[in-house]
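The stops below go from the whole chain down to single residues.

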Amino acid sequence: EVWNPNGKYRVVSTKSMPGTRWINLLIEQDCRLEICTEKKTILSVEDIIALIGDKCDGVIGQLTEDWGETLFAALSKAGGKAFSNMAVGYNNVDVNAANKYGVAVGNTPGVLTETTAELAASLSLAAARRIVEADGFMRAGLYDGWLPHLFVGNLLKGQTVGVIGAGRIGSAYARMMVLCNTVEGFKMNLIYFDLYQSTRLEKFVTAYGQFLKANGEQPVTWKRASSMSEVLQEADVISLHPVLDKTTYHLINKESLATMKKEAILINCSRGPVVDEVALVEHLKQNPMFRVGLDVFEDEPYMKPGLGEMKNAIVVPHIASASKWTREGMATLAALNVLGKIKGYPVWHDPNR
Ligand code: DGY
């Protein structure tokens, strides 16, 4: 699909993206925009080289693509200066290779914070109250009357929520679980660990504590853990929000799973390889009261054998940022990143900065 065929700058988007604001932004700024309409979901390096062609000023790409040495070399050869991932995560992008070939890299933080945190909160509630399992039971026609034991789950109120990685998304999730809209809300206690010593959450819980006190309410307890294992041992619901790098690969493995409470709930809306999925499947088998809500998987789009059969797992296809507002915002930011560089400004969101 080609927009503004006579535009001076050739910009390629490897996928169609929601909304029209990003398209208008590019064509109003003299770009010829080419949107790949290829039906297959994941494009190979060869597919993308063909899209880049002989002349290309910038590319908007996706987290399913392998943006390494080969693609940045091809983009640079075609005169390209800018690449933006339509994602906040950029573990699919070799930033060093981009630097080497003089291609600026952008990502799309901010607009997806609340939407992603909302999915982590939804999965937490759905896992605690076994909603997906119970829905399957109804649909299968198995409900033959109310029973005291039927789908008994966990009450979240007063339990402890644990957050690993308290950056933008982890902090927003914690805020939702601790606070909600009223003084009462879920009112979960909080324990969190952040490798980079983010103070975001600390500011929030301190202010919230003061608010509760002023209203004569019992304050929630909270602490910044000095290690991840403290969070794993103490929390009832644990949500993972670290970036994926060498230090966080298989952060959750056989050993760390064994330290968690038998009835704990584990949520992952970060990146699949943060969890050793084979160890997780085994743990789910051995501990039927342990539950998980997963948005991401080690080898997307696949699940490790056995995971799909586990009743104590909720699995959704990497949709944490999938609200209309957010996806349109991500597309717009990605376009601004590429446009900025083409027009001689810094990219809007440069993960290097
Ligand atoms: C991201 O942005 O990194 C998410 O995984 C997709 O929105």
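The model is a predicted one: local features need pLDDT of at least 70 and side-chain atom pairs count only at pLDDT 80 or more, while totals for chains, interfaces and linings use all residues. Residues are numbered from 1 along each chain as its sequence is written.

**Domains.** Six residues of domain 1 contact six residues of domain 2; two residues are in contact if their C-beta atoms, placed from the backbone, lie within 7 Å. On the domain 1 side that touches domain 2, one residue is nonpolar, five are polar and none is charged. In this scheme Ala, Val, Leu, Ile, Met, Phe, Trp, Tyr, Cys and Pro count as nonpolar, Asp, Glu, Lys and Arg as charged, and the others, Gly among them, as polar.

**Strand E5.** Select residues 82–85, which form strand E5. Helices (H or I, at least four residues) and strands (E, at least two) are DSSP runs, numbered from the N terminus. Are the faces of E5 covered or open? Both are covered: Ala82 and Ser84 on one side, and Phe83 and Asn85 on the other, are all buried. Buried means 20 or more other C-beta atoms within 10 Å of the residue's own, exposed 12 or fewer, and partly exposed in between, with C-beta atoms placed from the backbone.

Gly58 is opposite Ala82 in E5. From E4 the chain passes through helix H3 (residues 69–77) to E5 in a right-handed β-α-β crossover, that is, with the strands pointing away from the viewer, the path from the first strand over the helix to the second runs clockwise.

Next show strand E6 (residues 104–106), parallel to E5 and joined to it by three bridges. Ala82 also stands opposite Ala104 in E6. The β-α-β crossover from E5 to E6 goes through helix H4 (residues 95–100) and is right-handed.

**His349.** Go to the segment after helix H12 (324–342), where His349 is placed. Why does His349 count as buried? Because 21 other C-beta atoms lie within 10 Å. Its C-alpha atom is 5.7 Å from that of Asn107, 242 residues apart along the chain. Leaving out residues up to four places away in sequence, His349 touches Gly106, Asn107, Thr108, Pro109, Leu333 and Asn337.

Terms used
Two strands pair if DSSP finds at least two bridges between them.
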